[in-house]
Amino acid sequence: MDVGVFMQTKQQKRAEFALEQIANFGTPVPSKSVSFIVSTPTMLLMNGLGQTLAFLLSRGIDGNEGKVFNIIKEWLIKEQFVPEAHNLEFLKKFNSLDQAEYLKAQHETLKLLEWLKRYARAFQAIEGKN
């Protein structure tokens, strides 16, 4: 067996990506950011991925919403649901996915957000201690 070649499971890839991305929120992760990250999967389930992406982008690119938007966008590009593009073009291409691909992208995003939630809680700032 070649020691230089190894395979990662999809779960490992999601976990690795989420761990890299959680640093965008600071270390430790502020409680306000943790609350937002934890609420995002519920928002996605209630509104769908397309509306969630539009909401996140509408709230600005510098805050928690923009950071989560960019994480989801980067993951969907990495997973080849949508080609790399500026935000407007990205949303246009995302909205043109057929229903099966859209649902697959939404499912994949939910799984990624579960890892992001776990890491946000793991690295959460404890008020009064940090």
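This is a short chat about a predicted model and its residue K73.

Me: What should I know about the model before I start?
Reply: Residues are numbered from 1 along each chain as its sequence is written, and side-chain values use heavy atoms, without hydrogens or water. The model is predicted, so local features need pLDDT of at least 70 and side-chain atom pairs pLDDT 80 or more, while totals for chains, interfaces and linings use all residues.

Me: How many helices and strands does the protein chain have?
Reply: Six helices and zero strands; helices (H or I, at least four residues) and strands (E, at least two) are DSSP runs, numbered from the N terminus.

Me: Where is K73?
Reply: In helix α4, residues 64-78.

Me: Is K73 buried or exposed?
Reply: K73 is buried, meaning under 20% relative accessible area with a 1.4 Å probe, protein chains only.

Me: What does K73 touch, then?
Reply: A85, H86, N87 and F90, leaving aside residues up to four places away in sequence; contact means heavy atoms within 4.5 Å.

Me: Back to the whole chain. How much of it is buried?
Reply: Of its 130 residues, 44% count as buried.

Key:
Buried < 20%, exposed > 50% of the residue type's maximum accessible area, 1.4 Å probe, protein only. Lys, Arg positive; Asp, Glu negative; His and termini not counted. Salt bridge = Lys/Arg side-chain N within 4 Å of Asp/Glu carboxyl O.
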